[in-house]
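Hi everyone, thanks for making the time today.

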Amino acid sequence: MPQFLAELLGHFHPVIVHLPIGILLIAACFHVLAKTNRYQALRPAVSVSLLLGMVSAAVACLTGFLLSMSDDYDPNIVANHQWLGIATAIVAGISYVSERKNFKYLSWVIVLLVVMITFTGHLGGTLTHGDGYLTEAFYKYSEPGEAIKPVENVQQAMVYNDIIRPILATRCYGCHSNRKQKGGLRLDEKDFILKGGEDGVAVIPGDAEESELVQRIFLAHEHEDHMPPKAKPQPTNAQKDLIKWWIASGAPFDKQVQDLTQPSDIKNMLAALSKTEDNEKLPSSIPGIPVEEAPADVLTRLHKHGVVVLPVAQNSHYLSANFINVDVPNDSLMLLLLSIDNQLVWLKTGTYPVDAEGLKSISQLKALTRLQIGNLKNSHNGLEHLAKLENLQYLNLTGAEIAKENVSALKSLTSLRNLYLFGCSISSPEYSDLKKSLPNVAIDTGGYRVPTFASDTTKVTAGRE
Amino acid sequence: MPAHSALEQLIRKVQSEHLLNCTRRHFLKESAMGFGALAFGGLFGSCQTPEKSGANTVFDSGHPLAPKPPMFPGKARAVIYLHMAGAPSQLELFDYKPELQKLDGQDCPPSLLEGKRFAFIKGVPKMMGPQATFRQFGQSGTWLSDYLPHFSTIVDDVALIKSVTTDQFNHAPAQLMMHTGSARLGRPSIGSWVTYGLGSENQNLPGFVVLTSGGNNPDAGKSVWGSGFLPSVYQGVQCRSEGDPVLFIKDPKGIDRDIRRASIDAINDINQQQFNETQDPEIISRMAQYEMAFKMQISVPEVMNIDDEPEYIHQMYGTKPGKACFANNALLARKLVEKGVRFIQLFDWGWDTHGDGAETAVDIGLANKCRQIDKATTALILDLKQRGLLEETLVVWGGEFGRTPMRENREGKTMPFKGRDHHAEAFTIWMAGGGIKGGVSYGETDEIGYSIVKGKVEPFDVQATILNQLGFDHEKLLYSYQGRPFRLTDVGGHVIEDIIT
C-alpha cells in the first residue's frame, strides 16, 4: 500500500475509533434496559448494535494499525493499546455471537467488553495527550509556573546537567522526550539530542548557526516553524542565548562552566542564574493572603468626606486611600481609617495636615505597606509611632517639614525599604546619622542638581567636521 | 345558501392559493434553515452581548470619570509620555554604530534599497556615519552620544529599547499608530483608554492632559490625543503654558462663577431629561465635561502656575516662565502627577531632521533640539525620583519612527545640509520608572542600524507594556463598538517582560 494512503487512512483512526466506542456502549445500555418491562422492545436492538460495533471495531483496528506505522508515538504504549484494542474487537464479536445464541452469561461478557473499552480508550488518550492528561487540572493551578532552580556556584556547575538540561526539561520535554517524540526527535538524553529526528540532525556541536534547534528557537514568534509552539511556555532570551552558546562551544555534556570560553554577556547571564528568578523582584506591596471585604458604610462615609478609597485591584479586598480631594481637615477621618485597618495597604495624605493624634491613628493601620504624608506641621513627637507599622515598605515624607526634635524618631523605622525625605530640612549630619541607624533602607533626601551647561543656553550653528 | 359576491370569491381564491403554498414541506425547509442559522451563529458566539461575553466594558454612564481599580495591582499610578514629534534620529542619540562610520560616504548597497519605499530618498543615497561622538556612561555602561550630556547622568534609571519597529513611514499615520494603535483616524489614544479604565482620582482635574511645545501641534493633529469611539469625556485636555491655561474655559465678561454654576445646573437638568429618553452615553459625557470645565476654571490655573515653584526647581528644569517651552511643560507634568492626573502627554515638535536646512540638519538642528529638552527631561526624572514618585510614574520617551543610516538625497541630489530620511524599520525609545528596570538595554539592530536582529518591539508591545504597568491586561481592556469589542492593542501586543521588574 502506498505510504501516503497508509498515512491518510491511519489519520482517520482517531475519528473512526469513536464509532465502536459509542455503538458498543449503547449496545450495553440497550442490553440492560431490555431487561426492564418498559423497554423490552429494545431487545432486538442489542444484537444489531453489537454487530455494528464489532464491524466498526475491526475497521478501527485496521486504521489504528496503519496509524501506528506512520506516526511517532511511544512504542510501549502503542503495543499495549494495539493488543488491547484487537482483544476488545474480538470480545465484541464474542458478545454478538453470545447474544444470538442466548448465552447464559452474556451480561458478564458485556461487562468485560465495557471494561476493555475503558482501558483501551484510556491508553489511546494517553498516546494523544500524554501521561496524566486527565488529572492535569489538579496540578496546573496549584503549583507555581515552571521556574528553573537557582544554581549555587555557577562557574563550577556542569554546563549540560545544571544549566542546559533544566531549560530543555521545562520547555521541550513536553513533546520531545520519552512520552512523545514529535518529529521523531527526543531531547532528553545525550544520544537522542545528537541523533536528531525525522528532519535530520537538530544539533551540530560547534556550529550553532546551522543547528536546526537554534534556528527554530530564534525564529519570529509567529513563524510556523518556531519552537516551542506559540501557545506553549517560551524560553527567555537569556535561556535561548545560553543554549546557542553551549552548542557553539561544542555541546559538551561533561564539562564545567568554567571550562568554556564565556563572552561578557554570557557571563552576566550565568551570574544571573545564581539568583532565583524571583530574587530580582521586590516583595509585593500587597499581602499574599486574602482578607475579608471592608464594611461598606465606612467606605461611604469616607467618600462623603472626599477621601478616595479604592480596591488595589479588581479582585482584591485590599484598599488604597487618597486624601487628594479632602479640603477641610476633619479629625474623624483618621479614626474612620481605623475601621479598615485590616484592608488598608496604601495611604496617601497629600498635603492634608496630619497631627500627632493622626500619626497615632496611622500607626495602628497594621496592614500599611506604602505611606505618604506631606504635611506634618502640627505634629510634635509623633513620628516614632510609625515604627509600629511592621509591614511598611515605602515612606514618603517629602515636603513635610519635620521638626528638629522629631528627626531622630526616624531611626526606629528599620524595616523600611525606601524612605523619601526631600524637602524635610534634614541636615547633613542628621542624614549621616540616619544612614548609620538604617543600614538596609534606601534613603533619598533629594536635592539633585542638574547644572546648567553652556550648551543649554547656546545654539549650534555649524556642523562638525 | 347566500350568493357569494365576486369579490368574496376572489378573496377566498387568493387565500386558498396562499394556503396551498404553505405545505409541510415549506415548513420543514424553513425551520431547517432556521436551526442551521442558529447553530452557525452559536459557532461564532456572536449572540453574546458584551456583558455576557465577559468583555470588560467598565463604562459607568453615571460617573464616567469616577476612579476605578485596575485589573491587577500595577506598579505605576500615572504615565508621562514624552513624544518627540518628527522622529529623532536614533543613530545620533542612542544606537551606536561604528560600522556605519566606516561606510560613511559610500554608496548605499542595492540590497538595502530593493523593494523599499522611502519618503524622500531617491536613487542611490550615500551612507552617513553617526554625526555625534559616543561614549559609555553609568554603571550599566550604556552607549550614549554627546548630544544628551544631562541624560547621560541618569542612564542607570532608564531602559532603552533599541528595536522598535513600525510599518508607517510618514508622520501622521505613524503618530496615530504609536498612540491609538491604528494608522487610520478614529481610534482612542492611550490616555483615553487609561482614563476609561482607571478614571481620575482628582475630581477637579481631567485625567488626561496634553501639553505641546516646539511651535506646532504634531502632524497627526488633535486626534492623537482624541477619544476615538470612547465617550468624549475621555479625550485629552490640551493645556497651554502661555496665555490661558485651557482655551475657552474662562467665563465671558459679566458672568461670574455663581451665574455659571446656575447655568450649568440648568443645562445639565435638560441634558439629564434627554438622557432619560434616549440613553445616549454622549449626553452623560457632555454633562461630565461641563462639570469638569467648571471645576477646571479654578483648579487648572492653580496647577498650571509655575511661578510659586522655588528658584532651585526653575534652575533644575531650565524653565522660561511666561513662554511656551518644553521645560515648562516638563515641570507641569511633575505637578500634574502630584495632583493625581493619570496620563500626561507632552508633544515636542521639530525633530524631523531631513537636512533641508540648518534647523533640520542632524549635526545642527538635532543638536539644538536636544539642548532644548535634555536638561528638562533629566530634571523631570530626578525630580520625580526625589519626591518618591518615580517608582509609581511610568515615563516614556520616543518618536514615531527612526531615521535612515543613509544620508537623505532629496530628488537624487546632494543636499546642502546633512539629514536622514524616515526609517520605519528600527528606532529607539526609552522607558523609566513605574516598575521598569533601570540601566538595561533591550533589543539590537544590525551593524548599520538598518534592521532589527533581536527583540523586535511593535507599537502594540509598547502600548501593552504601558497598560501592564498600570495594572491592565491589554487583551481584556475592551470597549464594544460597531458590533465587536475593540482594544488599544487591536490584535497584537506582547508585554516586554525583559524590562519590567
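Let me begin with a definition: two strands pair if DSSP finds at least two bridges between them. Helices (H or I, at least four residues) and strands (E, at least two) are DSSP runs, numbered from the N terminus. Two housekeeping sentences before we use that. This is a predicted model, so local features need pLDDT of at least 70 and side-chain atom pairs count only at pLDDT 80 or more, while totals for chains, interfaces and linings use all residues. Residues are numbered from 1 along each chain as its sequence is written, chains are lettered from A and ligands numbered from 1 in the order in which they are written, and side-chain values use heavy atoms, with hydrogens and water left out.

Now, the strand. In chain B, β1 (residues 78-85) runs parallel to β8(B), and the two pair over 6 bridges. One residue to look for is Val79(B), whose bridge partner in β8(B) is Leu394(B). β8(B) also pairs with β11 (residues 427-432) of chain B, this time in the antiparallel sense and over 3 bridges. There, Trp397(B) has Trp430(B) of β11(B) as its bridge partner.

Why is β8(B) largely enclosed by the rest of the structure? Because 6 of the 6 residues of this strand, residues 393-398, are buried, which here means under 20% relative accessible area, with over 50% being exposed and anything in between partly exposed (1.4 Å probe, protein chains only). Thr393(B), Val395(B) and Trp397(B) are buried on one side of β8(B), and Leu394(B), Val396(B) and Gly398(B) on the other.

On to the interface. Contact, for us, is heavy atoms within 4.5 Å; by that rule, 46 residues of chain B meet 43 residues of chain A. The two chains bury about 3,800 Å² between them, and 52% of it is on carbon and sulfur atoms. That buried area is the accessible area (1.4 Å probe) lost on putting two parts together, summed over both. On the chain B side, Glu201(B), Arg371(B) and Gln386(B) lose the most area to chain A, together 17% of what that side buries.

How many salt bridges are there between chain B and chain A? The count is 4, taking a side-chain nitrogen of Lys or Arg within 4 Å of a carboxyl oxygen of Asp or Glu. One of them joins Arg370(A) to Glu391(B), with the closest N and O atoms 3.2 Å apart.

His179(B) sits in helix α4 (residues 171-180) of chain B and is buried, at a relative accessible area of 0%. The side chain of His179(B) makes a polar contact with that of Gln345(B) at 3.4 Å. By polar contact I mean a pair of N or O atoms within 3.5 Å; within protein, one must be able to donate a hydrogen and the other to accept it, and residues adjacent in sequence count only if both atoms are side-chain atoms.

His474(B) is in the loop between α11 (459-470) and β15 (479-481) of chain B, and at 6% relative accessibility it is buried too. A polar atom of the His474(B) side chain lies 3.0 Å from the backbone oxygen of Gly493(B).

Over in chain A, Ser47(A) belongs to helix α4 (residues 43-70). Its side chain reaches the backbone oxygen of Pro44(A) at 3.3 Å.
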